Amino acid sequence: MMSQLTSAGNHSHFARLFLKQLVQMCKGPRVNSSPGDTPDADLLGMLGADSLGRLKRLEERLIQPHGVVGPCPPPSFPDHQEFFRDFLQTASCCQLNQHLQDSLCQQLLQLDEVSIRSPPASIGERERGGGGGRRGHGAAGMLHEKQRFTSVLLLARLLAKFLGFISFLPYQTSEKPSREIQKAAIALRSKSVPVLDVCAVLSNSMKRRRTILTVPWLVEFLSMLDCIGPLLLCYRTALGTLLLLYRRMLLGRCGEMCYLNKLLMVSVLGWLFQIPAIPEDIFFTNEFTEVAKLEDSSTTAAGLDCIPLVDQQLLYTCCPFLGEFRKLLAAFVSGSTAKSGGIIRKITPTSAELRDTPAANRSQQKLQVDLEQAFFHNQPPSLRRAVEFVAERVGSNAVKHMKATLVSELVERGEKMLRDGLETPKSNPSKLNDSICAQLCVAGLEALAKATRFCCEKSPEAIRILLPDETSPAVLTTSENITKRLATEKACSWLSANITALIRREWKSRYDRVMKAVASPVAPDSGDAEGAVVELVTQEQLTTPKRKQGSERAISCPPHCSHSASLPSDILIEMKFLTVMSEQMLLNSTVLLACKLVSAELPVLSLSGCKGGDGVVVGPGSGSEPPVRALLEQLAEMWEGDCCASAPLHLLFTPLTVTAVLKAGDTEWNNYLLLVRKLVDRGVLSEEEVVSHWKKLTNLALPATLIENFSCGHRALSRPCLWPTCKATWRCCRSLNRQ
């Protein structure tokens, strides 16, 4: 049919015909009626008037679609509107759409300017004076204006919906576009002129106090926006203005605007802001409101907002979700005031049985449950409690036993399969992971049979212990059987629903651990003393986060960087994990900083580097004495204060710190002894505390060379002049240990 419209005149004529038919069929409110409203005489005589009414209500329930779609249903085209929407989509004629846009815009602007006369201000005075004829004439005139307003508003909402549908139809997509496409679309569409200047229409309406007529049809137009539309400046400004207007609305019986007028405005705006096309963060950001402003209304003109033009029927027509909510409330009230004493009658649904379960098994299970209930009815209540308690605990223990045995065995088996697969050339770890995980999940179904055997073995033993010795053998045997069934049912129901997820989770953890070990193997230490040190501090390292390998550190360091210090982020993470109390975080960080300085794990910039000269980053064994010692003296001076009395200085004497200092170099050892000496001289540490810490270290399983070095360090603390001798002894012991 569209291909026959070859001239512009034909398209224009067909557009007028289309709109006329649209208005004629869809303008009024929806009336739920069927063609056979007139009852048949034979049917009426057969059923009677009362039964016929029930039959009609049943017919409505069967043929009418369910209307409750939530408090904020998405935009839709109900009833005959669906035909006209489908017609436009199927025709897909750009000439027809353009003619419809022009006609719709023109008619909407004309409807928005329709004059609705308010009743004279003197009507109230005449009513008080007893003018009955005038009063009746004023009421009839007001009713006529209400009907006229309702007709204009419904027509404007219908035309605005189809104008928005046609305007934004080329931009509608099933999925939200990416951010890059959004930016490009916004930049492109911002250059084009919108089909309707919504900002100007809204501003003019607020100035003249005609928002009760303009806002409802603007909401219908904006509800057809695509996902890019709200981000354009013109529509973003309009939405921001409507949001400010919505926030200013306060429902109440007082004020210039009538209550039902306000309720209609709040309902349609609240629905608009909740539809999918409008961004969810419109209420929480000022992106929309910062480009909008509320126009001051004219104080001279009364406007339509002050006239009670909205009634309940119009409210339910414009906001059908309110009508559905009203039906729910009415049903609740009718149920609460029923003759049954105010109790609402409910339909109790029956549970659906499994489709694959035979009917014989279902009846047998039901018979078993009935027999158990009859058995407990003739026994003391303590017997039922004992059986249920044992079944609960045995079923839980069966699940835990499967986790500890079967799942662990499956994960170990999967690890062996993974390592064997990785040794093959051109192996794909991802495919190996999926294949092994699938095999483990299939093997995990053995848990049901094993859990059943576990429950059958453990349940009789447990129930015999709890029941009295005087229990008859028949009662004891029946209790054991019931306990086994309940425990097995509990364990198998949990395992059948969760065993696969449990195996996947455990396997994922093991897979990640194996892949990390394969990607970064740790080379064994060659020296005996260093191996002993590593074995000594292993437990302490487990409580701190693992440091990154050298290959990972090189990514964050400049090229040709040869220092072996940890990254600052690693040190901060380690500080975070070593602290326990939040108020001790700063003090702990200072002590940990001192540990990193004396062991040369933290590079220090020399003074010349700080001044912008040819400074170098000082590393271990590179003459870092002056800057490091200056920092250590500042830390010792800070710890001397009263506010730092709770500093954890014992961290300076942990095996991890001391062994790191001993392995670093001569300069670091001297710095460490200097720090301890400063703390003793300032009274922060007593010599007894230092001796106690040294004794604890010497009592550990260390090589003889390190023990000798500890003793040498203890003597050096009391006699600073022996520091060089101590280091000479340390170097001699170190060379002997290598030999």
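In this predicted model, E415 makes contact with W507, R510 and V514, leaving aside residues up to four places away in sequence. E415 itself sits in helix 15, which covers residues 381-423. With a relative accessible area of 16%, E415 is classed as buried, because the cut-off for that class is under 20%.

Turning to the surface, a nonpolar patch is made up of L55, L58 and L62, and together these residues have about 290 Å² of accessible area. One of them, L62, belongs to helix 2 (residues 41-63). L62 has a relative accessibility of 67% and therefore counts as exposed, since values over 50% fall in that class.

Charge also collects on the surface: E280, D281, E287 and E290 come together in a patch of negative charge. Among these residues, D281 is located in the loop that runs between helix 11 (259-272) and helix 12 (312-318). The relative accessible area of D281 is 34%, so D281 is partly exposed.

L593 is part of helix 23, spanning residues 585-598. Like D281, which is partly exposed at 34%, L593 is partly exposed, here with a relative accessible area of 30%. In sequence, L593 and L632 are separated by 39 residues, while in space their C-alpha atoms are 9.5 Å apart.

Methods
Residues are numbered from 1 along each chain as its sequence is written. This is a predicted model: local features need pLDDT of at least 70, side-chain atom pairs count only at pLDDT 80 or more; totals for chains, interfaces and linings use all residues. Side-chain values use heavy atoms; hydrogens and water are left out. Patches are made of residues with over 30% relative accessible area and no salt bridge: like charges are joined within 9 Å, nonpolar side chains (Val, Leu, Ile, Met, Phe, Trp, Tyr) within 5 Å. Accessible areas come from the Shrake-Rupley method with a 1.4 Å probe; for residues, only the protein chains shown count as cover. A salt bridge is a side-chain nitrogen of Lys or Arg within 4 Å of a carboxyl oxygen of Asp or Glu. Lys and Arg count as positive and Asp and Glu as negative; His and the chain ends are not counted. The place of a charge is taken as NZ of Lys, CZ of Arg, CG of Asp or CD of Glu. Helices (H or I, at least four residues) and strands (E, at least two) are DSSP runs, numbered from the N terminus. Buried means under 20% relative accessible area, exposed over 50%, partly exposed in between (1.4 Å probe, protein chains only). Contact means heavy atoms within 4.5 Å.
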